Amino acid sequence: MASQADFRDRQFLAVIGDEDSVTGLLLAGIGHVTAPPDNQKNFLVVDAKTDNASIEAAFERFTTERKDIGIVLINQHIADRIRNRVDTYTQAFPTILEIPSKDHPYDPEKDSVLRRVRRLFGE
Amino acid sequence: MPNTNPNPHPAPPPNSTSNPNPHPTSSSSSPPTKPATTDTNRETSTIDALLTGYLSLLDEYTALRHTLHALQARMYHDLARANFAAERGVRRYGRDYYDGRMQAGRRVRVCDGGGGLAGGDVDVKGAEGDREEEGVGGGGEREGEDGKKGEEGDDPREREGVVFRVAVYPPPGRGAGGKGEDEGPGTEAPTTEAADGNGNGDREEKKPGKEGPAGGGEGEKQSVNPIDPLRWFGILTPLPLRQAQGHAIKAVEEIIPQLATLSAAMAAVELEVRRARKKRAKAEKAEEKKLVALEEKMGEVDVNE
């Protein structure tokens, strides 16, 4: 069980997604840019030009470096691009949730939580 | 609403191979084997109970996933409608309009298993009360859910693991009290004032700061009160964009924290199941050893006779 200190300051949601997903979620008011010296955003808009290294770096930043992120939302088709990284992620905080995008419907077979379920039942 | 059916998929039957002595009380000729068998049975029933709970969590997770998909589909649809009907000059409602100094107006709160808040109990009370006030536009359904969330300790998930919540930040009750109903579901209080006003953006941005306890003179480190993201896109935003915001707020405030909580709870149960399985395997091994020893003893007795 994680200690209280682990999740005391985790107050933001982070998003890695396509433009529509990020726009929608930012409309809900989860977007945050830190104070000027850092100017760190808690979201990454992924388009056709974004390479996997950038996605992985953002994932790393949200999950490992930043201690103020409680939940990371990532489009499933983007998670597929760094699938190994997502599947080997085992920390309790932040929690990773894969969400569908406009152009890529949600596939339960790829969902990391449901993969865990299958593993538990020995499939 | 998530399906609360406690056990939609019956738990798998206890593994018959794990129990080599299914009738331990029939003859009671082998007292040494009795405790081991009981251990194995106990572990098996523990695992069954855990798996039953796990499956109900899984069912809830799946139901919430469906709800999230439906909400997101509506959000994308509304965004597409807004883009289709965009005014001249607006290329697309997207990242070109994001505010470079945006502050999160909805934040996560992580509570521990006992229901206590990691960040401070005052905030929990504030959030609950505020959300009741705020939820006027959102309909009674949300208020009902919040009420349920408030009763901590009833839900086994809340007792066991961490609980994620997303609430408006800062609690609107402190600033502009109770105006939220004008704007529809989940619009923040400072925003409402902005929309009600005559569109002087600078003045309205400062307004919540004046009302806040710290006043307007806070430095860069202190976070500025967030403004409604809708205002990034102008004063008169199209209705579909507002509807998209409503769906997104519902997803962020209600569904996503529940999914995160369930995911954490499921991970905790997985750990327990694995531990129980290991224990059972050990008990089985010990039992086998004892059986072999007993058989050897019986063999020796037979030879002596």
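Mentor: Start at G29(A), a residue with positive phi, near 95°, that comes after α2(A). Helices here are DSSP runs of H or I with at least four residues, strands are runs of E with at least two, and both are numbered from the N terminus. This is a predicted model, where local features need pLDDT of at least 70, side-chain atom pairs count only at pLDDT 80 or more, and totals for chains, interfaces and linings use all residues. Residues are numbered from 1 along each chain as its sequence is written, while chains are lettered from A and ligands numbered from 1 in the order in which they are written.

Trainee: Is α2(A) enclosed or open, and why?
Mentor: A residue is buried if 20 or more other C-beta atoms lie within 10 Å of its own, exposed if 12 or fewer, and partly exposed in between, with C-beta atoms placed from the backbone. Eight of the nine residues of α2(A) are buried, so the rest of the structure largely encloses this helix. Among them are D20(A), V22(A) and L25(A).

Trainee: What is the strand order of the sheet?
Mentor: Strands of a sheet pair through backbone hydrogen bonds, either parallel or antiparallel. Two strands count as paired if DSSP finds at least two bridges between them. Here four strands form an open sheet in the order β2-β1-β3-β4 (chain A), with parallel pairing. β2 (43-45) and β4 of chain A are at the edges with a single partner strand each, so one side of each lacks a neighbour in the sheet. β3(A) and β4(A) pair over five bridges, and I74(A) sits opposite E98(A) in β4(A).

Trainee: How many residues of chain A are in contact with chain B?
Mentor: Contact means that the C-beta atoms, placed from the backbone, lie within 7 Å. By that rule, 37 residues of chain A are in contact with 46 residues of chain B. The largest share of chain A's side, seven residues, comes from α2(A).

Trainee: And how confident is the predictor in chain B?
Mentor: pLDDT is the predictor's confidence in each residue, from 0 to 100. Chain B has a mean of 68, with 55% of its residues reaching 70 or more. For the complex, the predictor gives an ipTM of 0.92 and a pTM of 0.70.

Note on methods:
Two residues are in contact if their C-beta atoms, placed from the backbone, lie within 7 Å.
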